Amino acid sequence: MLKFIVMSDIHLSPEGVATNGLDTTRRLQAAIDSANTNHGDADFCIFAGDLADRGEVPAYEILDRLIDQLNMPVVLTLGNHDHRDRFKQVFGTLHDDENGHIQKAIDVKGYRVIVIDSSEPEIVSGVLCETRLSWLAARLEEAKDQPVIIVMHHHANDLHMPVDQIKLQESDRFRDVLKTHPDIRQVIAGHVHRQTTGLWHGIPLTTISGNHYDVNAHLPGMPGQPLRLDGPAQYAVVLADEHSTLVHFHDYIHRHAEMADGLFGKRRRHADDGAEREKVAG
Ligand SMILES: [Fe+2]
């Protein structure tokens with residue numbers, strides 16, 4: 001059986017600098033310890049972007065040092081908080097595809113797992129340019145007879161939360177490419193700091209809370225603003241065989257303490273009544 005881990009939204013900062021009040025280096029260490037203890041038999045671990053909170057070289061150096069402790073191969077891609085050039089100052093071209101994007105396709109135990117780089121410099125929402133859409137189409141075409149799992153940073157579907165303002169742009173083009181393949185088993189994303197699962201044009205989609213803060217379910221009709229909680233910190237464990245593709249949610253920090261205001265700006269009503277939308281950071 002295929003088993004792999006997805007971590008996301010690590011949001012590392014240079015040593016001694018908290019990220020929105022949390023020590024993300026310590027949280028990543030806890031995640032790695034948990035993965036090694038509980039899932040040392042995993043085939044690999046994917047880090048689905050927002051590796052560094054402000055894209056600093058020292059943060060990527062911490063990542064480079066800590067992921068060495070994982071007892072499994074590591075696959076990286078970028079999120080909107082990352083800085084492509086500074087990432088490459090630390091990792092070189094090790095994680096590049098032929099066009100310099102941080103993405104790859106992995107064939108393992110009958111599956112094709114495709115990790116997509118949906119980040120674009122200076123843009124908070126997700127972007128898949130023509131080059132990346134063509135790359136994805138080609139990777140899907142090669143694997144017509146294999147089930148496929150996609151992992152990327154940005155969510156493609158509406159969660160009916162303020163964070164939808166910064167989802168993948170032109171997501172119907174992404175959907176159209178996915179629809180060329182007969183057996184997409186999952187599209188797993190981070191970015192939203194929230195655990196969700198659903199179906200989008202018949203495609204199963206999942207988001208995970210990730211390593212940094214967790215956002216409560218701030219849904220249409222709820223007053224106020226989304227709350228940030230300093231747990232659960234979470235990674236996904238994917239288990240897949242011929243007939244079944246499962247995403248488990250492994251919480252390794254369970255605190256549900258409400259964090260201080262600030263990230264989402266002043267408290268405002270939820271935006272579906274036409275009021276000004278909350279500022280969201282993703
Ligand atoms: Fe994030």
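# Burial, contacts and the iron site

Tutor: The side chain of Ser 118 and the side chain of His 154 form a polar contact at 2.7 Å. The model is a predicted one, in which local features need pLDDT of at least 70, side-chain atom pairs count only at pLDDT 80 or more, and totals for chains, interfaces and linings use all residues. Residues are numbered from 1 along each chain as its sequence is written, and side-chain values use heavy atoms, with hydrogens and water left out.

Student: What makes the pair of Ser 118 and His 154 a polar contact?

Tutor: The term asks for a pair of N or O atoms within 3.5 Å, of which, within protein, one must be able to donate a hydrogen and the other to accept it, while residues adjacent in sequence count only if both atoms are side-chain atoms. The 2.7 Å between these side chains is therefore within the limit.

Student: Why is Ser 118 called buried?

Tutor: Its relative accessibility is 0%, and buried means under 20% relative accessible area (exposed is over 50%, partly exposed in between, with a 1.4 Å probe and protein chains only), so Ser 118 counts as buried. Ser 118 lies in the loop between β5 (111-116) and α4 (130-142), where helices (H or I, at least four residues) and strands (E, at least two) are DSSP runs numbered from the N terminus. Leaving out residues up to four places away in sequence, Ser 118 touches residues including Leu 128, Arg 132, His 153 and Leu 168, contact being heavy atoms within 4.5 Å.

Student: How do you know that Ser 8 is buried, and what does its side chain join in a polar contact?

Tutor: Ser 8, in the loop between β1 and α1, has 1% relative accessibility and therefore counts as buried. Its side chain joins that of Asp 9 in a polar contact of 2.7 Å.

Student: Which residues coordinate the iron ion, and why is its site called irregular?

Tutor: Asp 9 (OD), His 11 (NE2), Asp 50 (OD) and His 193 (NE2) coordinate the ion at 2.0 to 2.3 Å; donors are N, O and S atoms within 2.8 Å of the metal (3.2 Å for Na, K and Ca), and sites may look incomplete because water is not among the atoms. The angles among the 4 donor atoms run from 90 to 176°, whereas a tetrahedral site needs all angles between 85 and 135 degrees, and a square planar one (four donors) or an octahedral one (six) needs opposite donors over 155 degrees apart and all others between 65 and 115, anything else being irregular. The site is irregular. His 11 and Asp 50 are both buried, and this pair, 39 residues apart, links the loop between β1 and α1 to the loop between β2 and α2.

Student: Why is Ala 257 called partly exposed?

Tutor: Ala 257 has 27% relative accessibility, and so it counts as partly exposed. Ala 257 lies in the segment after β13 and, leaving aside neighbours within four places in sequence, is in contact with Arg 228, Leu 229 and Asp 230.

Student: What makes the span of α1 close to the expected one?

Tutor: The 16 residues of α1 reach 21 Å from first C-alpha to last, close to the 22 Å expected, the expected span being 1.5 Å times one less than the number of residues. At the N-terminal end, Asp 23 caps α1 with a side-chain oxygen 3.2 Å from the backbone nitrogen of Thr 25. The buried residues of α1, among them Leu 28, Ala 31 and Ala 35, are covered by elements including β1, β2 and α2.
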